[in-house]
Amino acid sequence: MVALTPRKRIAPDAVIWLLLGAAYFLIPLAATLIFSLRSNQTGACCTLENYGTILHDPQFWKTIKTSFVISLETIVLTIVLLVPTVYWVHLKLPRLRSVIGFMALVPFVIPPIILVVGLLDVYKGTPTWFYAEPYGFLVAAYVILAFPYMYFSLDNGFRAIDVHTLTEASQSLGARWTTTLVRVILPNIKSAALAGSFLTLAIVMGEFTIASLAVFDTFPIYIQYINQNKAYPSAAVTLLAFAITWAAMLALLWVGRGRRTPVGEGAR
Amino acid sequence: MAGVELKALYRRFGDVTALEGIDLAVASGEFVSFLGPSGCGKTTALRLIAGFDRPTSGRIEIDGKDVTRIPPNKRDIGMVFQAYSLFPNMTAARNVEFGLRVRKQGRGDRRSRSLELLELVGLGDAADRYPHQLSGGMQQRVALARALAIEPRLLLLDEPLSALDAKVRVQLREEIRRIQTRLGITTIYVTHDQEEALSISDRVAVLSKGRIEQIGEPAEIYGAPATPFVAQFVGTMNRIESTVSRDTPGAVDSNGVRLGVAAASGRRPGERVLLLVRPETVELQAAGAENGGLTGEVLTHTFLGSVTRVRVQAGESEWTADVSGERAAALPVGSRVAIRFPADTAKLLTLAEPLEDVPDDQ
């Protein structure tokens, strides 16, 4: 299809705007890169020693692993919670859509700093394995933060398919609810679920306030610690974080790829 | 194959009554159409049979067994939907296999069965194509194959052709009938297109406002409509308000003109009736001065291919006649014509209440 559309010349003023936009994103990155290449002792360019410092720091690996596992946990939990919910709402309770859409805005309205205080109070008295572990408490908090991103992605995905007809067709062929959900619905909203997962991953990998106030050692906390203590390595760690998040997203894309996904055209 | 019986089926949505007591028996292997305008309840009835909805009261029996409370996935009913319903993530063959996969059939069996069915609907070479690579007509063929793959007791078709263009529609409906006859599967077909219903059904049930107005063979529905609604909805019909003649047996009076109608003999003189005359039975002739019968003025000509439809204003009533192109050419717009029809082809319906206009379609 792309090949059939005649190639248009890009207008000169569009080029200018494109360059401006690219500069906006690339200059800070480039500046950080240059900064990260200066020696932590002398400030002279150019050395990779800052990267060495970071990569040899066990705390770097430990915190990044923590954050990554928390991200995956959050993604799995939000998908398990939200896919059947959004499916059911689209199928049986379409009037609830506006209510849920409103609820999904709440995490934007309530600042994390307030959220964390409330959550610490709410979960007080829960078992230590939950309350004192990032894999418990933080995941619970991050599911709330991820809710709007995942919800709006899924809502869009479900709107793009004919949920009613697909469900009824599947049922008339003898499928149960679970079979319908797993074999028919899920494959057709996969791109929406993936988009929600990317956003969730990005949020969790960068979330600072809640982790800091609840005193957990996550990757953003580590970045902040380096920032305060080592000027040049902090630039290196920032770039590394950037690269790792991108790599994680590519990995998710790879995991979620279909044998042949007719996304877009197929999922009218 | 199974027979279906609907017993006093009611369905209400809040204040709206969608079905008001449907009673119907479909024999095993029979092809029955539900015909009616939108909102008449035909799709509601089909969804109740499929199990996607529950009746407010009444029973649905398949093969003599009450299935009213059985969920749709346990009913063994094949269904083809109005909207394209193929699973977008599966190829045509995988779509057809789906029901067999749910039934845990082996891969080899599934594959050969799905290819066999795709062959049956004329799509043997499209097995590995995805729905978005198929035309609308092809998608509905695959949907039919998919519904038939599970060897259902009953096949339900909910306006499966309404999204297709005219030529494909005619072709595919003939094919549906051919396959149905070949497999001998009990089929219920919902449509608002009377031509479609009349051309492929063993029997047609005409629905209006949640009730069955008439059920019968296509020729009966067309030739002898039982109610004014059926007369209006099925085919084009001249509907002329008349009174059974008080002094001439076998005649009615309409707008001061006496018309011979065989069906009038035996009716109470003075009874208000609706005279029904099919346009193809109406004859038009240039009116001579000596003519004392029904005359009128030609209003319009509409070319319909094999015939030309001529509308004639006769007094207060308007007549429609389908005549040959040559004849129509001899009767230009504005000319006076005499209107005749054979006395034994016209039908009469008792006119209990004033007529309301029935929508022709959506």
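1. In this predicted model, A:Leu154 touches A:Leu82, A:Val83 and A:Val86, and also A:Ile189, A:Ala192, A:Ala193 and A:Gly196. That list leaves out residues up to four places away in sequence.

2. A:Leu154 also belongs to the largest nonpolar core, which has 151 residues. Within this core, A:Leu154 and B:Leu156 are the residues that touch the most other members. The element that gives the most to the core is helix H8 of chain A (residues 134–159), with 14 residues. From chain B, the core draws at least three residues from domain 1 (4–229) and at least three from domain 2 (242–350).

3. Next, the contact between the chains. On the side of chain B, 22 residues are in contact with 19 residues of chain A. Strand E6 (77–80) and helix H2 (92–102) of chain B are the elements that give two or more residues to the side of chain B that touches chain A. By residue class, that side of chain B holds 14 nonpolar residues, six polar and two charged.

4. Strand E1 (residues 4–13) of chain B pairs with strand E2 (residues 16–26) of chain B in the antiparallel sense, over eight bridges. One of the residues involved is B:Leu6, whose bridge partner in E2(B) is B:Leu24.

5. Which residue in the turn of the hairpin formed by E1(B) and E2(B) has a positive phi? B:Gly14 does, with a phi of about 60°. Two residues lie between the two strands of this hairpin.

Key: Residues numbered from 1 in each chain as written. Chains lettered and ligands numbered in written order. Predicted model: local features only at pLDDT ≥ 70, side-chain atom pairs only at ≥ 80, totals over all residues. Contact = placed C-beta atoms within 7 Å. Helix = DSSP H or I, 4+ residues; strand = E, 2+ residues; numbered from the N terminus. Nonpolar A, V, L, I, M, F, W, Y, C, P; charged D, E, K, R; others polar. Pairing = 2+ DSSP bridges. Core = buried A, V, L, I, M, F, W, Y, C linked by C-beta atoms within 7 Å. Buried ≥ 20, exposed ≤ 12 C-beta atoms within 10 Å, placed from the backbone. Domains from an automatic or database assignment.
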